[in-house]
Amino acid sequence: MTLSADALRCQRGGRQIFECLSFSVTAGQALLVTGRNGAGKSSLLRMIAGLLRIAGGKITLSGGDDERSIGEQAHYLGHLDALKPALSVEENLSFWTTYLGGTTKPAEALTTVGLDSLSHLPAAYLSAGQKRRLSIARLVAVKRPLWLLDEPTSALDTKAQAMLLRLMQMHLAGGGIIVAATHLPLGLESAGELRLGPAA
Amino acid sequence: MNGLGALFLRDIRIAIRIGGGAMIGVLFFMSVVTLMPFAIGPDLALLTRIGPAILWLGALLASLLALDRLLAADQEDGSLDLLTMGPAPLELSVGVKALAHWLTTALPLVIASPVLALFLNLDLLATAAVTATLLVGTPALTFIGLIGAALTVTLRRGGLLLPVLILPLAIPVLIFGVAASNAAVVGPVTFGTPFTILCALTLMSLVVGPFAAAAALRAGQE
């Protein structure tokens, strides 16, 4: 399975963010997208997920399920948590698991991210880091080959960062692909780097 | 489709929990209808004559009140992004959301309307006619509103623009809803004629609404 972009161009609000961007990531590889603020890291991830119109060029995922779009084979972990404060931790997760077509039991995924003791608490009472962990539980509960992570370690403590690293390593070992926008080294060995914008 | 069922249940659950706002529409509907006799005066004959129109206007305004939360809440917390990434087509997902929205915001209005009809001195036949037309007509309001909600979802103050966009499109529903209610009481046409057109308007909006809303959401991917 290979994710590749060819001569990609990104435009937002009439302003050119980047152009002629090409890269390719194969199964088991991670790609770290770096660059200054506003270089288009988040925009690139949203374009891959199909959430932002592609101004030029194309993105292809070969070796995947041809019947489904890239977005339907990808997990997008963005800045927003997509959690409903009125629903409990477990209700939030089991909704997304069912909606996104997952089969794993929510309780297992909650144990993985260490939220099993809070499963009946409304999501409104979670801290920023706990909300992040609940979003990460979604990646565990629904198996999808492509992970698009936007600043995945933000708000996470060192223990949760180690947990995330372990999950990412497992995902890569299982033949998955990770594209992560980040300012920090995530600790993944042999991860490629894509630097956007002029070299700092 | 399992995922769509889960979405339906989630939206209903959020609406009926604290802060969900399912009952706000009914309270607003009550306030509007209760104010009318004060403004018009205790002329029972006049109230009877314009009662169906007052109930329809109240229901229309109350359903507009809740519309801006239909998609905006999901946009603000990032849920809308993930909804487009599920295996279900976006058209069906927004359709299911609108259905859940109708059930939690518009159906309570229909249920409350016989009670409010008492305030307006409507007799049994007129009450039944208004309730029936509201039951059939409010889905059209919700599904037309869905288009407006999708168009204004990315605007910060879209809540104010939405009613202005939607009201002109809701006029046919209002006309035939009130016409059917009046026809049942005073004639001259039979109740069935305008009521059938009202049904047709609803069926049309059920088909057009989800497709237009999904197209608007896709076009708005900025």
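In what order do the five strands of the open sheet with parallel pairing in chain A stand? In this predicted model, the order is β5-β6-β7-β3-β8, and the sheet is open with parallel pairing. Its edge strands are β5 (74-77) and β8 (192-195) of chain A, each of which pairs on one side only. From one strand to the next, the twist averages 15°. Within the sheet, strand β6 (residues 146-150) and strand β7 (residues 177-181) of chain A are joined in the parallel sense over five bridges. A:Leu148 has A:Val179 as its bridge partner in β7(A). Helix α4 (residues 128-141) of chain A packs on this sheet, where it touches β5 and β6 of chain A. The direction of α4(A) makes about 175° with that of β5(A).

When neighbours within four places in sequence are left aside, A:Arg195 is in contact with A:Thr34 and A:Gly35. A:Arg195 and A:Asp66 are separated by 129 residues in sequence and, C-alpha to C-alpha, by 30 Å in space.

Helix α4(A) also packs against another helix of chain A. The axes of α4(A) and helix α5 (residues 158-173) of chain A come within 12 Å and cross at roughly 15°. The two helices, α4(A) and α5(A), are therefore roughly parallel, since angles under 35 degrees are counted in that class. The crossing in which α4(A) passes α5(A) is left-handed. On the side of α4(A), the contact is made by A:Gly129, A:Arg133, A:Ile136, A:Leu139 and A:Val140, and on the side of α5(A) by A:Ala160, A:Leu164 and A:Leu167. By class, the contact of α4(A) with α5(A) comprises six nonpolar residues, one polar residue and one charged residue.

A further open sheet in chain A has three strands in the order β2-β1-β4, with antiparallel pairing. Strands β2 (15-26) and β4 (56-62) of chain A each have a single partner strand and stand at the edges, so one side of each lacks a neighbour in the sheet. The twist in this sheet averages 15° from one strand to the next. Strand β1 (residues 2-12) of chain A pairs with β2(A) in the antiparallel sense over eight bridges. The bridge partner of A:Leu8 in β2(A) is A:Leu21, and A:Gln11 stands opposite A:Gln16 in that strand. The hairpin of β1(A) and β2(A) has two residues between the strands, and A:Gly13 takes a positive phi near 60° in this hairpin. Helix α1 (residues 41-49) of chain A lies across β1, β2 and β4 of chain A and runs at about 120° to β1(A).

The contact between the chains takes 23 residues from chain A and 21 residues from chain B. On the side of chain B that touches chain A, the elements giving two or more residues are α1 and α5 (79-83) of chain B. Of these, α1(B) gives the most, with seven residues. The residues on this side of chain B divide into six nonpolar, nine polar and six charged.

A helix pair spans the two chains. Helix α2 (residues 89-99) of chain A packs with helix α1 (residues 2-16) of chain B at an angle of about 150°, and their axes are 7 Å apart. The angle makes α2(A) roughly antiparallel to α1(B), as angles over 145 degrees are assigned to that class. In this arrangement, α2(A) passes α1(B) in a left-handed crossing. The residues that make the contact are A:Phe95, A:Thr98 and A:Tyr99 of α2(A), together with B:Asn2, B:Gly3, B:Ala6, B:Leu7 and B:Arg10 of α1(B). By class, the contact of α2(A) with α1(B) has four nonpolar residues, three polar residues and one charged residue.

Notes. Residues numbered from 1 in each chain as written. Chains lettered and ligands numbered in written order. Predicted model: local features only at pLDDT ≥ 70, side-chain atom pairs only at ≥ 80, totals over all residues. Axes fitted to C-alpha atoms, helices over the stretch in contact; angles between N-to-C directions. Helix = DSSP H or I, 4+ residues; strand = E, 2+ residues; numbered from the N terminus. Parallel < 35°, antiparallel > 145°, perpendicular 65-115°, else oblique. Left-handed = near helix turned anticlockwise from the far one by under 90°. Contact = placed C-beta atoms within 7 Å. Nonpolar A, V, L, I, M, F, W, Y, C, P; charged D, E, K, R; others polar. Pairing = 2+ DSSP bridges.
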